[in-house]
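Please look at the sequence and the structure together before reading on.

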Amino acid sequence: MLSLPEKFVQRMRERLPAEEREAFFAVYDRPPYRGLRVNSLKISAAEFMKISPFSLRPVPWEPNGFYTDAEKPGGHPFHFAGLYYSQEPSAMCAAPLLSAQPGERVLDLCAAPGGKGTQLAAAMAGRGLLVLNEPVLARAQTLSRNVERLGVKNAVVLNEMPERLAAFFGEYFDKILVDAPCSGEGMFRKNPVEAIGEWSEENVQMCAARQRGILQSAAKMLRPGGRLVYSTCTFAEEEDEGQVSDYLLSHPEMRLLESRKLYPHREAGEGHFAALFEKAESGANGDFCPSSVRAVRPRVSREGEKVYRRFEGEFLHICAERLHEAGGILYALPEGMFDWRDLRVLRVGVRLGELKNGRFEPSHSLAMSLGGEAFSLCVRLAADDARTGKFLRGEGIEADAGGKGWCGVCVGGFPVGWGKAADGFVKNHIPKGLRL
């Protein structure tokens, strides 16, 4: 068995029913469950099962979630193509509680590395506005890369503190997810070195205090009638049930609709907690105010649009909407996009590419946001083609794209990046930092 913290063991023995204690501690003699979630923005779960290189078993609380025995699912070309996200099975339970819908304004306040946020994106099916925030810059950059890989078109990735966002947005969002930083007790089996090494009773109390502050900010950003999910990956009552009780006492405008707690000896997964709240339509504390956030009007120069549309007509079969130009970069903005100039922003919608001396150079984000059928010129590779590995490593490959110029390179029919074709050879345009 793992060497668990003595005080953690003592506390769990006191809080678990006597008949469950042996089963609970026995799980630490077994390996953790592995999981992946199919990215329905690119492929349905049913279609993925037909081409999956891994054995899959359904996760009961997420229709696109599966258990897998694959040791390194992140190393497959389909992962690079954004067909799935490697995600611990129990961690998939929180986002579905929120029931995010297409067309809504949704916030994931503590979003890195992106598992739950991209779950919300799939539920929204590319419509509405999804704001994904992460206060730690390095983690926000990882979040942004995952959003790009999975082809999310309607997301904004921010790098701000929750209280800063509360002051900016007011009661702006229909749905909010708070997957709060926690003491990580539920991850002892999955990440033993980090989770066990950092655990202490003092850390539990520190996390609980930080969670209260985050929830305070979240309440200010939820519109009347909106819903909020609070989740952790810990067993500590101070961070779970106690946090819910304190929140209800300090926020009478909120009511608890549902809560669930997953234990590894009861469910096939690690430890997780989630609670669903709803904000009253009226009668708030008085600490809240309607949002004064302004919508941004997409703007693009006549020359910029001309250059891009020329590229689009030659190399793509789609037509981007809500074009916006800033600093020589073209974007396709999400519907209802707000004016973001006062915030630290890492990603807004889809970065289409860059205008350079009267020509347009497409971005990796554009390629990953498209389906394989969107490219006028395309190189289609199988996952086991030797050229696939070469291309993902950043090498050029010999291939016929059906013409000359910018082409999509697809694996199994799904884009992995841009190439530039000429005379039977395709030059690689995957950004250096994203290559295998």
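## A pair of helices side by side

Helix 8 and helix 10 are roughly parallel to each other, a label given to angles under 35 degrees, whereas angles over 145 count as roughly antiparallel, 65 to 115 as roughly perpendicular and the rest as oblique. The axes of helix 8 (residues 162-169) and helix 10 cross at roughly 15° and come within 9 Å, where axes are lines fitted to C-alpha atoms, for helices over the stretch in contact, and angles run from 0 to 180 degrees between N-to-C directions. The crossing of helix 8 and helix 10 is left-handed, the term used if the near helix is turned anticlockwise from the far one by less than a right angle, with right-handed used if clockwise. On the side of helix 8 the contact is made by P162, E163, L165, A166 and F169, and on the side of helix 10 by I214, S217, K220 and M221, contact meaning heavy atoms within 4.5 Å. By class, the contact of helix 8 with helix 10 has six nonpolar, one polar and two charged residues; here Ala, Val, Leu, Ile, Met, Phe, Trp, Tyr, Cys and Pro count as nonpolar, Asp, Glu, Lys and Arg as charged, and the others, Gly among them, as polar.

This is a predicted model, in which local features need pLDDT of at least 70 and side-chain atom pairs count only at pLDDT 80 or more, while totals for chains, interfaces and linings use all residues. Residues are numbered from 1 along each chain as its sequence is written, and side-chain values use heavy atoms, with hydrogens and water left out. Helices (H or I, at least four residues) and strands (E, at least two) are DSSP runs, numbered from the N terminus.

## Helix 10 and helix 11

Helix 10 (residues 201-221) also packs with helix 11 (residues 241-250), at an angle of about 40° and with their axes 11 Å apart. Helix 10 and helix 11 are therefore oblique to each other, and their crossing is right-handed. In this contact, A208, Q211, R212, L215 and A219 of helix 10 meet Q243, D246 and Y247 of helix 11, which by class gives four nonpolar, two polar and two charged residues.

Eight strands form an open sheet with mixed pairing, in the order 10-11-9-8-5-6-7-14, where two strands pair if DSSP finds at least two bridges between them. Strand 10 (254-262) and strand 14 (345-348) stand at the edges with a single partner strand each, so one side of each is left without a neighbour in the sheet. From one strand to the next, the twist averages 15°.

Strand 6 (residues 129-133) and strand 7 (residues 155-158) run parallel and are joined by four bridges; L132 stands opposite V157 in strand 7, and the bridge partner of V131 is V156. Both faces of strand 7 are covered, with A155 and V157 on one side and V156 and L158 on the other all buried, that is, under 20% relative accessible area, exposed being over 50% and partly exposed in between (1.4 Å probe, protein chains only).

## A hairpin

Strand 20 and strand 21 form a hairpin with two residues between them, and D423 in the turn has a positive phi of about 55°. Strand 20 (residues 414-422) runs antiparallel to strand 21, joined by four bridges, and A422 stands opposite F425 in strand 21.
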